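Visitor: I have a structure to look at and some questions about it. Can we go through it together?

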Amino acid sequence: MTQEQITATERGSKWLVEGGLRPTRQRVALATLLVGDGQNRHVTAESLHDATRSCGERVSLATVYNTLRAFCEAGLIREITVDGSKSYFDTNMSDH
């Protein structure tokens with residue numbers, strides 16, 4: 001693992017702890033993809049699932065959905081529903 005990856009993983013783990021969530025392997029993997037580089041993201045569950053698979057992580061789509069809901073409940077991200085059917089998850093919690 002490179003220093004950049006360690007830093008991204010540490011950032012993801014810290015983000016989870018600050019939200020009061022236990023940093024499980026799957027949560028850390030998803031958190032690292034969402035906030036590991038310090039940039040804000042808006043993703044769908046499907047796009048995040050694809051990203052985890054590209055990184056070699058084995059996380060089911062159902063787990064991605066459940067984890068994103070847990071992140072929302074912890075106040076780490078917010079869900080934005082478009083046209084009543086498509087959900088996006090945004091790491092930028094400020095009004096924008």
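This is a predicted model: local features need pLDDT of at least 70, side-chain atom pairs count only at pLDDT 80 or more; totals for chains, interfaces and linings use all residues.

Visitor: OK. How many helices and strands does the chain have?

Guide: There are four helices and three strands in the chain. Going along the sequence, they follow the pattern α-α-β-α-α-β-β.

Visitor: What is the radius of gyration, and what does the globule rule give?

Guide: The radius of gyration is 13 Å, close to the 12 Å that the globule rule gives for 96 residues, so the chain is as compact as a globular protein of that length. Along the principal axes, the C-alpha atoms fill a box of roughly 40 × 25 × 20 Å.

Visitor: And what share of the residues is buried?

Guide: Buried residues account for 35% of the 96 in the chain.

Visitor: New topic: helix packing. At what angle do helix 2 and helix 4 pack?

Guide: Helix 2, residues 25-35, and helix 4, residues 61-73, pack at about 70 degrees, and their axes are 11 Å apart. An angle of 65 to 115 degrees counts as roughly perpendicular, so that is the term for helix 2 and helix 4.

Visitor: Which residues make the contact?

Guide: Helix 2 contributes Gln 26, Arg 27, Leu 30, Ala 31 and Leu 34, while helix 4 contributes Thr 63, Val 64, Thr 67, Leu 68 and Phe 71. Sorted by class, the contact of helix 2 with helix 4 has six nonpolar, three polar and one charged residues.

Visitor: What about helix 2 and helix 3? How do their axes cross?

Guide: The axes of helix 2 and helix 3 (residues 45-54) cross at roughly 105 degrees and come within 10 Å. Helix 2 is therefore roughly perpendicular to helix 3. Leu 30, Leu 33 and Leu 34 of helix 2 meet Leu 48, Ala 51 and Thr 52 of helix 3. The contact of helix 2 with helix 3 has five nonpolar residues, one polar and no charged.

Visitor: Switching to rings. How many aromatic pairs are there?

Guide: The count is one aromatic pair. Trp 15 and Phe 71 form an edge-to-face pair, 5.1 Å centre to centre, with 80 degrees between the planes.

Visitor: Where do Trp 15 and Phe 71 lie?

Guide: Trp 15 is in helix 1 (residues 3-18) and Phe 71 is in helix 4, so the pair ties together parts 56 residues apart in sequence.

Visitor: Are they buried or exposed?

Guide: Trp 15 is buried, at 13% relative accessible area. Phe 71 is also buried, with a relative accessibility of 0%.

Terms used. Residues are numbered from 1 along each chain as its sequence is written. Side-chain values use heavy atoms; hydrogens and water are left out. Axes are lines fitted to C-alpha atoms, for helices over the stretch in contact, and angles run from 0 to 180 degrees between N-to-C directions. Helices (H or I, at least four residues) and strands (E, at least two) are DSSP runs, numbered from the N terminus. Angles under 35 degrees count as roughly parallel, over 145 as roughly antiparallel, 65 to 115 as roughly perpendicular and the rest as oblique. Contact means heavy atoms within 4.5 Å. Ala, Val, Leu, Ile, Met, Phe, Trp, Tyr, Cys and Pro count as nonpolar, Asp, Glu, Lys and Arg as charged, and the others, Gly among them, as polar. Rings of Phe, Tyr and Trp (its six-membered ring) pair if their centres lie within 6.5 Å; planes under 30 degrees apart count as stacked, over 60 as edge-to-face and the rest as tilted. Buried means under 20% relative accessible area, exposed over 50%, partly exposed in between (1.4 Å probe, protein chains only). The radius of gyration is taken over C-alpha atoms; the globule rule is 2.2 Å times the number of residues to the power 0.38.
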